[in-house]
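Please keep the structure open while going through the numbered paragraphs.

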Amino acid sequence: MDAIILQILNGLDKGSAYALIALGLTLIFGTLGVVNFAHGALFMIGAFCAVTVQRLMQLSHTEIDESRTDFLGNPLQVEVPYLESWFGPELGQALISWSVPLAILLAIPVMMLVGWIMERGLIQHFYKRPHADQILVTFGLAIVLQEIIRQFYGANPIPTPAPDALRGSVDFGVWLGFGPGVIFYPVWRFVYFLFSLLIIGGVFAFLQFTTFGMVVRAGMADRETVGLLGIDIDKRFTLMFGIAAAVAGLAGVMYTPILSPNYHMGMDFLVLSFVVVVVGGMGSLPGAVLSGFLLGIVQSFASMNEVKAILPGIDQIIIYLVAIIILLTRPRGLLGRRGVMEE
Amino acid sequence: MGILEVKGVNKNFGGLKALQDVNLSVQEGTVHAIIGPNGAGKSTLLNVLVGKLRPDTGSVMFDGKSVLGRKPHEINQMGISRVFQTPEIFTDLSVLENVLIPCFARRDGAFRMHAFESVAHEGTINEEAEQILADVNMADKRNLHAGSLSRGDKRRLEMAMCLVQQPKLLLLDEPTAGMARADTNNTIDLLKEIKETRPITMAIIEHDMHVVFSLAERITVLAQGTPLVEDTPENIKGHPKVREAYLGEAQV
Amino acid sequence: MLGIGKRDTTILLVVAFMALAAPIILNPFPANSAMAQFNAGYPDLMQRFVIFGIFAIGFNILFGLTGYLSFGHAAFLGAGSYAAVWMFKLLSFNVIPAVLLSIVVAALFSVLIGFISLRRSGIYFSILTLAFAQMSYNLAYSVLTPLTNGETGLQVYTSDPQYLRGEGDPIVTHLFGLEMRAKETLELGPWAFDFSVGYYFCAILMLISFYISIRIFRSPFGLMLRAVKSNNHRLSYTGLNSRPYALTAFIISGAYAGLAGGLLAAMDPLAGAERMQWTASGEVVLMTILGGAGTLIGPVLGAGFIKYCENIFSKINENVLHSWFAALPDGLETGLVWVASKFVGEGWHLTLGLMFMLVVIFLPGGLVEGGQRIGRALRRRRGQDEPGRSAAKEPAE
Amino acid sequence: MTHVEHLKGPQPFDKTRNMAATAPKFLSVWDIQAYYGESYIVQGVSFDIHEGEILALLGRNGAGKTSTLRTIARLGNPSLKHGEIWLDHEPLHKMKSHQAAQKGIALVPEDRRIISGLTVEENLKLAQINPPIGWSLDRIYELFPRLGERRRQEGVTLSGGEQQMLAIARALARDIKVLLLDEPYEGLAPVIVQEIAKTLELIRDQGITTIIVEQNAVAALKLADRAVILDTGQVVFDGSAQDVLDDEGLRAQYLAI
Amino acid sequence: AAFTNEPTGSTVTLGFNVPQTGAYAEEGLDELRAQQLAVEHLNGEGDGGMLNTFSSKVLDGTGIMGKRVEFVTGDTQTKSDVARATAQSMIQKDGAVMINGGSSSGVAIAVQGLCQEAGVIFMAGLTHSNDTTGKDKKRNGFRHFFNGYMSGAALGPVLEQAYGNERRAYHLTADYTWGWTQEESMIAATEALGWETVETVLTPVGAGDFSSYIAPVMNSGADVLILNHYGGDMVNSLTQAVQFGLRDRQVNGNNFEIIVPLYSELMAAGAGEAIKGVYGSMNWNWQLQDEGTAAFTRSFGEKYGFPPSGSAHTCYVQTLLYADAVTRAGSFNPCAVVEALEGFEFDGMGNGPTLYRAEDHQCFKDVLVMKGAENPTTPFDNLEIVEVTPVEQVMYEPDHPMFAGGDLGECNPGE
Ligand SMILES: Nc1ncnc2c1ncn2[C@@H]1O[C@H](COP(=O)(O)OP(=O)(O)OP(=O)(O)O)[C@@H](O)[C@H]1O
Ligand SMILES: Nc1ncnc2c1ncn2[C@@H]1O[C@H](COP(=O)(O)OP(=O)(O)OP(=O)(O)O)[C@@H](O)[C@H]1O
Ligand SMILES: [Mg+2]
Ligand SMILES: [Mg+2]
């Protein structure tokens, strides 16, 4: 029982990561109809916003410590973060440890800007081009973004821990009436789960309670006619793109304590996020979210030893297997709309 | 017994009764017009005939065989061709290629590899295609991209694609809508000529009464999903119910 | 000639000439000059050009003609490779059975995947194929290790049975005794040209594949495939069953991929799992689009372009750059090397990414369109421009 | 004026070139030239309309009628490479389609262009997102009760004629100055054609200027004040509608009726 | 020519085949730096590095046998296919006589096979799988790096001392060849101590989030988690295991512990704080006290500003060793080089006296057991050496079952 609850928890937070990435992708891919292979790169850039904030907060001056030597035998140069010298080592460190959540503040404007530049500078010329061209150009862009990040941050993963206060894990089982020490769960993963619910809710509310969503859907179906009705669809597409980029970026920022960011993390998530979106059904936000959670949970269960004992290696293919089964039984994924990217 | 026998067909869309107990019999070799107000269910009926929709109840027999449950391509291979209300053509191909495809479909059936023959070397098929383009006055446009045609031309092309198949039953859903008057007249002549030279049956939906009354031998009036009357053109013209529901003050 | 039109014959002859003369054309720089870095005329790379050319030609039959975008074609490439290596392990190093079996295995595999995936269209089809290929990859990488030798890759060991191996047979891949790796080097002054058996074997198969693809493009079958792409709906109301057409195209392109995979193994008898990974499937998609999907020669160009970047640009390190700019003043040299090093060597991906973007932005029809534009510009120079109102846009060749 | 001259900058609108009519002209189209890619389709079309007039734009298939309307509505394809379009002192030729629409242009396109994925009502609501807003939904449903009945149905599943009504209704949902109708009668039952003709008169009475493209030339001419006939992208006749109705030679030559 | 790519001019070309893109790019670039440094030293530039401490004295800074050393580089992308292609291009196009580098076993084995067929010498870079000098060994290939068995053998005593004999271990293992051999070696080593193996679970490569594999560890009764992961997988699984609070727990009255059998500096940097107090093994580390290490660390550090990594050391040493073997043999002929290297014993290259064993071409030398430092002062000393395990302790017979099945075959000089 406890093992099952643990796997559900794992599934939920894996799922929330998938759902969040798929949500951003579905805004661009399912709604604007652009096959955006650079979406993973947006996720990655978000993660590096967190790294950047961390680096900024760790900006240091060097002090020479004559008593110790470095690897070449020279006097050791100790880097002291300004924050530490201003607020004292204790408080300084504590502040620095909050860099990941603080990075949200940086990530929103940065990602909106990146989204804006990307859409205005590039994607807008590709709405009417074949999907194949979109793939080529966005894939090229993804490579370029990835290489730029690599130039600045190198190829090695960079540790970006959660704030001290949110680090460790809690004895979650006690709340559920299990004995102590049975179900431990990291605090940060709860935070991530709640955060993604918040974002998903926000995006839904925005698209549901305003006409924005309808206009964008209409614009995708027929840009020309929407223009004839006096609507500047370009602006809305740009905004939509910005939101999608921000969602992707925030997903990236908050994921960094779980997965140390590296420059190719976007590519690693790319295929998976497309699978999630398509299984959810093209053009459906609830579909993307549902499929994210579904695949997350299914994957968690497939990784259980009991399951793997019966079907070795099942955890490696489960996502694809489930995707195939769903797509064969439901022609348009879970909640897909007719006619979106079916040609 | 007509070549096409529609019996007791019903079709609902959600709560909407698009077709209610439709019976229709089209005699071989005749031109049968189906007219009726917008939304009467005319196109829906044709959709049932070509296998695009499956009726909820009823039977549709063509040439003594049921068409229900067959795939659209099988129905076409039985000898039914259809011109759609909004032109359905191969927009990425050239005009000539658009008519070549139905030629091949007629000769080779629903599927054949033919991966090593050359289209250019198919003498008779090319001739046929050229001929039909000449018939619909589009020979000079044979190399254009079908997608860049004007709307009237697209309709003419689609007509050509259906005619070249020499179907037993030709279904025409507003074939001359959007066609210039001159071309409408040409089309009427063309259809008449085809009918004289070949054993073909036609079912035609039109709102242009000039076309209907020039061609039709029988007319069925459909209203709100049910046939209102079926009669000869002369009788329909004067039918008070038809005038009220459909023709209005139109000069026919 | 050969049952194809005049224009196609010309294209075929040009490709044949380029392929046969490749060892010379691709080695334009003297062997010891600074520019020799850009020479691509060594057997391994030339083999890759034509092999990936075959892969892309086949892919184009599916994607370029029917518009079905498969994201899983690497699975067939991998299956072909594994089949070929198994033939080497079990029978002998003769390439003929290996290549034949690789085609058959890949074709059978594609019947299975195609039959299921083609029940859906558009993006749903793409993801189905992707899912199958990724499953194949993951299984090949780990669980199926007895069959694939996992991460290390399937190779031939001296302990393998090789039941058909004759006494004097070479212990490398060969065609009835003619070693694939054998080569003749022609030295002309400072130039050196390698003519390798393996390359010509692949090149001839590529030309045959290319010829077949021309025939398919110009055949009624090819016309139907283009119709599938244009308006599937209309096709079925015209009495044609699009499913078997698409499936046949899928199988043909799967067989091409299998041939390519078999040849890869025949040139270098090792089959690694990553040949099946999505990146490999993506690569052939990129090759085809980059060159010009739906055109005859585009995919070959695209394949050559990407393989060239991968093999040549990645090898230009700072040392090489320094030697190029050595003549310049020191500060300038360092600066130039610094800038250039971002684009070559470890930075070659950046160049690749930029190239993708530039090509697709400025040449919407791919590299082929680039060629056409140059051709048109030249013709315009000669003052043969056609007059205004001619909407005649030639359907893609 | 040559192409090169045009590139020097926008030419001042020629105020001296005027029709004999008394009312000030409202919509002026001056020497517009538009291309689909490389093909030159609208080859220097000029005409003026006065406020509240109905103009019939006629011609054979492929004459360029649709292309002309699309150019006026400022759709990107065909692209306007030369010429000017003025609406009530506003330079439409410098605008994009949504700006032109906000200035009061409405186009009812030939293939109706009902937006898929949206219901009938959503299609109408879409038209009322940006000002100026015209008729209320209730008033529209009053005019087209059929649409009211089908308001929750997906727009594209409507029958051909119903779609046509929706397309016209969508234009009326906006407060427009100029209505461009591309083959509004196509696919409509005779009774409805009569209905719509009445509606158009109603629209005219409200002071809305209309350009109507129609294959049913007689019907269009009966409604119209003026007629312009196009052939291969050029104006071959510009005069009163009655003249065309009266002049058989003209009709035979350009309209084959 | 008598053998493949016989150098006829005044230069000789070496091929440095390392990952420059993908997950192991940093590792590859560090290898490249070391290789470049080795070439400098061979050509008599710089301070000579380990040439001064190397027990064999035939190298004199005039290149190799009087030929100036040049090199070409390639990007393996850590894919066997690509690595073979780049190696091919070095051999066919650039005339390389020796290929060196790489940072995964799959690639090493693939390229080793190629070099055997082509008739050039392969000096494997970072490859830790038993198979490289086990069932996939080749006469033309040599490995300086240690292997999974040696990791286990070296870690054993240290673990016994630190954690006792009554532990219960849970293995998470990367699901491919290296992972399996690593797991096998660790099980053998720990069970020899009396530890019990509770469970072994295979994890997909590149899984990213290991939470669903880590969670079941908590209630399995295990009190040690052994992560047979490498690279990004290790960084993630270790970080996440710590996040799950495993190390704060008490099981069976013991503190829960995590072990990472194979460490590298870059992985340690990637895992950050999570490595504190975690044991693992290493081939070499710049903190070693011998002369050779000091000399190499100095010349590397002065040139690049940071100390070299273990894989950099391997590639550096191998380049020198190759040059030395050629010089001693008096020929570039691969067969002569093989002969000179087989059974070669030397000192002064770090890790003390070293043997290149003739039977399997595996290098034998001291192995380091490392631990994540509690209070690192610089980014470079986040690992500390807890023990230098003497070579005798990690020695095994050439026909040890974990290495059985292979055959060196004949040396191949090529054409
Ligand atoms: N897929 C569908 N879902 C819901 N309702 C539909 C669907 N298809 C058609 N209808 C409705 O069924 C009725 C009949 O439509 P149909 O297209 O057959 O009319 P029609 O007689 O062809 O009219 P017109 O002359 O205007 O083309 C219409 O009211 C239409 O709205
Ligand atoms: N998208 C396009 N690309 C290229 N040429 C086009 C395109 N659309 C139309 N044309 C060409 O422009 C010309 C004018 O077309 P247009 O649609 O304006 O004619 P029209 O007068 O509206 O004809 P119809 O009465 O048939 O609708 C035609 O020759 C047509 O082939
Ligand atoms: Mg209809
Ligand atoms: Mg038109």
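**Notes on the predicted model**

1. Helix 11 (residues 248-255) of chain D lies across strand 3, strand 9 and strand 10 of chain D, and its direction is at about 40° to strand 9 of chain D. The model under discussion is a predicted one. Another helix of chain D, helix 7 (residues 160-172), lies across strand 6 and strand 7 and runs at about 180° to strand 6 of chain D.

2. The strands named above belong to an open sheet of six strands in chain D, with the order 6-7-8-3-9-10 and mixed pairing. Strand 6 and strand 10 (234-240) of chain D each have a single partner strand and stand at the edges, so one side of each lacks a neighbour in the sheet. On average, neighbouring strands of this sheet are turned by 15° against each other, direction ignored. As a general point, strands of a sheet pair through backbone hydrogen bonds, in either a parallel or an antiparallel sense.

3. The pairing of strand 8 of chain D can be followed on both flanks. With strand 3 (residues 54-58) of chain D, strand 8 of chain D pairs in the parallel sense over four bridges, and Leu57(D) has Val213(D) as its bridge partner. Strand 7 (residues 178-182) of chain D runs parallel to strand 8 of chain D and is joined to it by five bridges; here Leu181(D) stands opposite Ile212(D). Strand 7, helix 8 (residues 190-205) and strand 8 of chain D together make a right-handed β-α-β unit.

4. Strand 3 of chain D also runs parallel to strand 9 (residues 226-231) of chain D, the two being joined by four bridges. In this pairing, Leu55(D) stands opposite Arg226(D) of strand 9.

5. Which protein atoms are the donors of the magnesium ion (ligand 4)? They are OG1 of Thr66(D) and OE of Glu110(D), at 1.9 to 2.3 Å from the ion. Thr66(D) is part of helix 2 (residues 65-72) of chain D, while Glu110(D) lies in the loop between strand 6 (105-108) and helix 4 (120-127) of chain D, so the pair ties together parts that are 44 residues apart in sequence. Thr66(D) and Glu110(D) are both buried.

6. Because Ser43(B) lies in helix 1 (residues 42-49) of chain B and Gln85(B) in the loop between strand 6 (80-83) and helix 3 (95-108) of chain B, the pair ties together parts that are 42 residues apart in sequence. Ser43(B) is partly exposed, at a relative accessible area of 21%, whereas Gln85(B) counts as buried at 13% relative accessibility.

7. One joins Asn77(D) and Pro78(D), with omega of about 5°; Pro78(D) is in the loop between helix 2 and strand 4 (79-87) of chain D. Another joins Pro131(D) and Pro132(D), with omega of about 0°; Pro132(D) is in the loop between helix 4 and helix 5 (137-143) of chain D.

8. Asn149(C), although not a glycine, has a positive phi of about 60°. Its place is in the loop between helix 7 (145-148) and strand 1 (154-155) of chain C, and at 13% relative accessibility Asn149(C) counts as buried. Asn5(E) likewise is not a glycine and has a positive phi, of about 55°; Asn5(E) lies in the segment before strand 1 of chain E. In general, most residues other than glycine have a negative phi, and most peptide bonds are trans.

9. Gln20(E) lies in the loop between strand 1 (11-18) and helix 1 (25-42) of chain E. With 3% relative accessibility, Gln20(E) counts as buried. Leaving aside residues up to four places away in sequence, the residues that Gln20(E) touches include Arg150(A), Ser314(C), Gly345(C), Glu346(C) and Thr73(E).

Methods: Residues are numbered from 1 along each chain as its sequence is written. Chains are lettered from A and ligands numbered from 1 in the order in which they are written. This is a predicted model: local features need pLDDT of at least 70, side-chain atom pairs count only at pLDDT 80 or more; totals for chains, interfaces and linings use all residues. Side-chain values use heavy atoms; hydrogens and water are left out. Buried means under 20% relative accessible area, exposed over 50%, partly exposed in between (1.4 Å probe, protein chains only). Two strands pair if DSSP finds at least two bridges between them. A crossover is right-handed if, with the strands pointing away from the viewer, the path from the first strand over the helix to the second runs clockwise. Donors are N, O and S atoms within 2.8 Å of the metal (3.2 Å for Na, K and Ca); water is not among the atoms, so sites may look incomplete. Axes are lines fitted to C-alpha atoms, for helices over the stretch in contact, and angles run from 0 to 180 degrees between N-to-C directions. Contact means heavy atoms within 4.5 Å.
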